[in-house]
Amino acid sequence: VQLQASGGGLVQAGGSLRLSCAASGFSFSTYYMGWFRQAPGKEREFVAQISWSGTGTDYADSIKGRFTCSRDNAKNTVYLEMNSLKPEDTATYYCAADRRWSRSAGAYDYWGQGTQVTVSS
């Protein structure tokens with residue numbers, strides 16, 4: 001099983017980034033996919049999750065209206081489009097896969113390695 005996150009970088013406040021997470025080694029289209037983030041000295045927190053088909057999404061209040069999660073099952077890839085970025089969005093972002101619909105990091109079976117997002121003020 002492999003989840004490869006990419007697309008992070010340094011961006012100014014108000015800017016945008018698109019994260020991607022390419023999956024392999026499991027039946028991607030039968031798994032819910034989640035995005036989490038972890039800032040230095042803080043616990044890993046839920047950002048977004050998306051259903052198998054992509055028709056269902058769930059977002060943390062802190063990013064609702066600014067971030068959009070989508071997936072392409074033909075490409076085994078999940079995306080996180082991030083707009084109107086704020087300095088407080090600075091963190092390492094992780095994608096994860098699970099068969100349950102959950103906001104809890106502990107529920108997720110598979111994890112990517114993370115991609116760093118830094119938002120300057």
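The model is predicted, so local features need pLDDT of at least 70 and side-chain atom pairs count only at pLDDT 80 or more, while totals for chains, interfaces and linings use all residues. Residues are numbered from 1 along each chain as its sequence is written, and side-chain values use heavy atoms, with hydrogens and water left out.

Start with the core. A nonpolar core here is a set of buried Ala, Val, Leu, Ile, Met, Phe, Trp, Tyr and Cys residues joined through side-chain atoms within 4.5 Å. Buried means under 20% relative accessible area, exposed over 50%, and partly exposed in between (1.4 Å probe, protein chains only). The largest such core holds 36 residues. Trp35, Leu80, Met82 and Tyr93 have the most contacts inside it. Eight strands are listed as supplying at least two core residues each: E1 (2-6), E3 (17-24), E4 (32-38), E5 (45-50), E7 (67-72), E8 (77-82), E9 (91-98) and E11 (115-120). Strand E9 gives the largest share, five residues. Strands (E, at least two residues) and helices (H or I, at least four) are DSSP runs, numbered from the N terminus.

Now take Met82. Leaving aside residues up to four places away in sequence, Met82 touches Gly15, Ser16, Leu17, Leu19, Arg66, Phe67, Tyr93 and Val117. Contact means heavy atoms within 4.5 Å.

Next come the charges. Side chains of opposite charge can pair when their charged atoms come close. A salt bridge is a side-chain nitrogen of Lys or Arg within 4 Å of a carboxyl oxygen of Asp or Glu. The count comes to seven salt bridges.

One of them pairs Asp89 with Arg37, the closest N and O atoms being 2.9 Å apart. This pair links distant parts of the chain: Asp89 sits in the loop between E8 and E9, Arg37 in strand E4, 52 residues apart. Asp89 is buried, at a relative accessible area of 0%. Arg37 is buried too, at 6%.

Asp58 forms a salt bridge with Arg103, with 2.7 Å between the closest N and O atoms. Here too distant parts of the chain are linked: Asp58 lies in strand E6 (residues 57-59), and Arg103 in the loop between E9 and strand E10 (110-111), 45 residues apart. Asp58 counts as buried at 16% relative accessibility, whereas Arg103 is partly exposed at 42%.

Asp61 forms a salt bridge with Lys64, the closest N and O atoms being 3.3 Å apart. Asp61 is exposed, at 64% relative accessibility. Finally, salt bridges that share partners join Arg37, Glu45, Arg66 and Asp89 into one network.
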